[in-house]
Amino acid sequence: MSNIKLPGQFQQLDIKSLTGLLYLLEERNVGRAADRLFISQSAMSRVLIRLREAFDDPLFVRTARGMIPTTKAVTLESPVRQMLEQMAGLMSAPPFVPLLSDRTFRLQTTHYQAQAYGPSIAERFYQQAPNASLDTTTVTESSLLEEPGQACDVVLCSNFIQVPHHFERQLLGREKYVLIMAKDHPLAARDEVSVAEYLSYSHVLVNLGGGAKLPGNDPLGKLAREKRFALRTPYFMAALEAVGRTQLLFSSSGLLASQYAQRFGLTIKPLPFESKDTEYYLVWPKAVDQDPGSLWLRTLCSQVVKELIPFPAG
């Protein structure tokens with residue numbers, strides 16, 4: 001922690017006063033300095049009085065040839081100019097150039113979105129920013145509630161993830177819940193699967209790492225109690241491969257299953273009941289809302305997901 005303590009007279013100075021000093025040094029004339037500072041000549045005179053009190057020096061002496069700076073004023077010119085240039089630099093952040101960046105970006109996703117969108121995001125990320133790094137971690141149902149405001153740059157999540165008030169949110173699109181089974185499953189040849197048939201087989205549950213609420217159960221009402229989960233896993237890929245090797249059923253968003261249907265030997269069918277679409281979001285901490293690099297990553301992720309998701313947001 002800094003122990004620098006400014007004398008009381010310096011605490012009365014502001015950027016306008018220091019800018020006025022610089023203009024007086026350049027113009028050697030109160031009127032012209034006042035015009036550049038967009039204030040009246042009398043106001044400029046008051047600025048000069050504050051400067052003289054702060055630096056305990058006349059700073060300028062009136063002569064027949066005009067205002068002449070004192071030795072103290074001349075020595076102040078370089079540090080004051082440097083300070084004002086640094087302040088101006090703080091007000092205008094340099095543009096972010098992905099091609100030149102070696103920054104490490106932090107992306108959080110659910111397991112589902114890491115598999116469904118992650119490879120395409122990584123491909124475009126390294127095309128645009130070959131020297132940067134992408135650090136991905138997993139978001140769970142309530143993990144964002146426990147994190148500080150700058151723990152990540154971007155989060156990809158669904159409407160089942162709790163988003164705190166210090167995050168912004170943008171809807172990317174929706175996916176329908178579908179029924180996934182092995183190609184050789186006894187129900188695979190059916191044009192339609194009944195609710196009774198659906199409940200007669202054991203199911204796979206992908207746990208989001210939070211509460212016990214099960215998204216696909218709401219439309220079943222009391223019948224949900226008859227639904228038996230024989231396999232619980234936090235990994236979508238493990239769930240899909242297990243379904244392809246067993247007679248287990250899996251209710252989930254359909255994009256990832258369609259991407260791996262051939263590899264794991266899967267069949268995708270409509271659910272035997274109406275179910276709400278899953279909404280997918282891009283969220284980010286308000287603390288990085290104006291950061292040029294984070295804005296670039298948000299735009300990239302948004303474009304990639306909207307190209308892949310079956311029902312992108314308008």
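In strand β10, Ser252 is the bridge partner of Val178. This pair belongs to the contact between β10 and strand β7 (residues 177–182), two strands that run antiparallel and are joined by 4 bridges. Strands, like helices, are DSSP runs numbered from the N terminus (E, at least two residues, for strands; H or I, at least four, for helices), and two strands are taken to pair if DSSP finds at least two bridges between them. The model is predicted: local features need pLDDT of at least 70, side-chain atom pairs count only at pLDDT 80 or more, and totals for chains, interfaces and linings use all residues. Residues are numbered from 1 along each chain as its sequence is written, and side-chain values use heavy atoms, with hydrogens and water left out.

The β7 and β10 strands are part of an open sheet of 3 strands, with the order β10-β7-β11 and antiparallel pairing. Its edge strands, each pairing on one side only, are β10 (250–253) and β11 (266–270). From one strand to the next, the twist averages 40 degrees. Helix α9 (residues 254–264) packs on this sheet and touches β7, β10 and β11, and its direction makes about 145 degrees with that of β11. Contact here means heavy atoms within 4.5 Å; axes are lines fitted to C-alpha atoms, for helices over the stretch in contact, and angles run from 0 to 180 degrees between N-to-C directions.

The chain as a whole has 10 helices and 13 strands. Of its 314 residues, 44% count as buried, where buried means under 20% relative accessible area, exposed over 50% and partly exposed in between, with a 1.4 Å probe and protein chains only. Among contacts between residues at least 6 apart in sequence, 74% join residues at least 24 apart.

A second open sheet is formed by 6 strands in the order β4-β3-β5-β12-β6-β13, with mixed pairing. The edge strands in this case are β4 (133–138) and β13 (311–312), each of which pairs on one side only. Within the sheet, β3 and β5 run parallel and are joined by 3 bridges; the bridge partner of Leu107 in β5 is Val154. Strand β5 is joined by 4 bridges to strand β12 (residues 278–285), and these two run antiparallel. In β12, Tyr280 is the bridge partner of Ser158. An antiparallel arrangement is also found for strand β6 (residues 167–175) and β13, which are joined by 2 bridges, with Pro312 in β13 as the bridge partner of Gly173.

Strand β5 (residues 154–158) is mostly covered, 5 of its 5 residues being buried. Val154, Leu156 and Ser158 point one way from the strand, Val155 and Cys157 point the other way, and all are buried. Helix α8 (residues 236–245) is likewise mostly covered, with 7 of its 10 residues buried. The buried residues of α8 are Phe236, Met237, Ala239, Leu240, Ala242, Val243 and Gly244.

Two packed helices are described by the angle between their axes and the distance between the axes. For helix α1 (residues 15–27) and helix α2 (residues 30–37), the angle is about 135 degrees and the axes are 9 Å apart. The two helices are therefore oblique to each other, since angles under 35 degrees count as roughly parallel, over 145 as roughly antiparallel, 65 to 115 as roughly perpendicular and the rest as oblique. The crossing of α1 and α2 is right-handed, that is, the near helix is turned clockwise from the far one by less than a right angle, anticlockwise being left-handed. In α1, Lys16, Thr19, Gly20, Tyr23, Leu24, Glu26 and Glu27 meet Val30, Arg32, Ala33, Arg36 and Leu37 in α2. By class, this contact has 5 nonpolar, 2 polar and 5 charged residues; Ala, Val, Leu, Ile, Met, Phe, Trp, Tyr, Cys and Pro count as nonpolar, Asp, Glu, Lys and Arg as charged, and the others, Gly among them, as polar.

Two individual positions were also examined. Ala73 is found in helix α4 and is buried, with a relative accessible area of 0%. Not counting residues up to four places away in sequence, Ala73 touches Leu25 and Leu59. The C-alpha atoms of Ala73 and Leu22 are separated by 9.4 Å, the two residues being 51 apart along the chain. Ser101 lies in the loop between α4 (71–91) and β3 (104–109). Ser101 is buried, with a relative accessible area of 9%, and, leaving aside neighbours within four places in sequence, is in contact with Phe96, Asn131 and Ala132.
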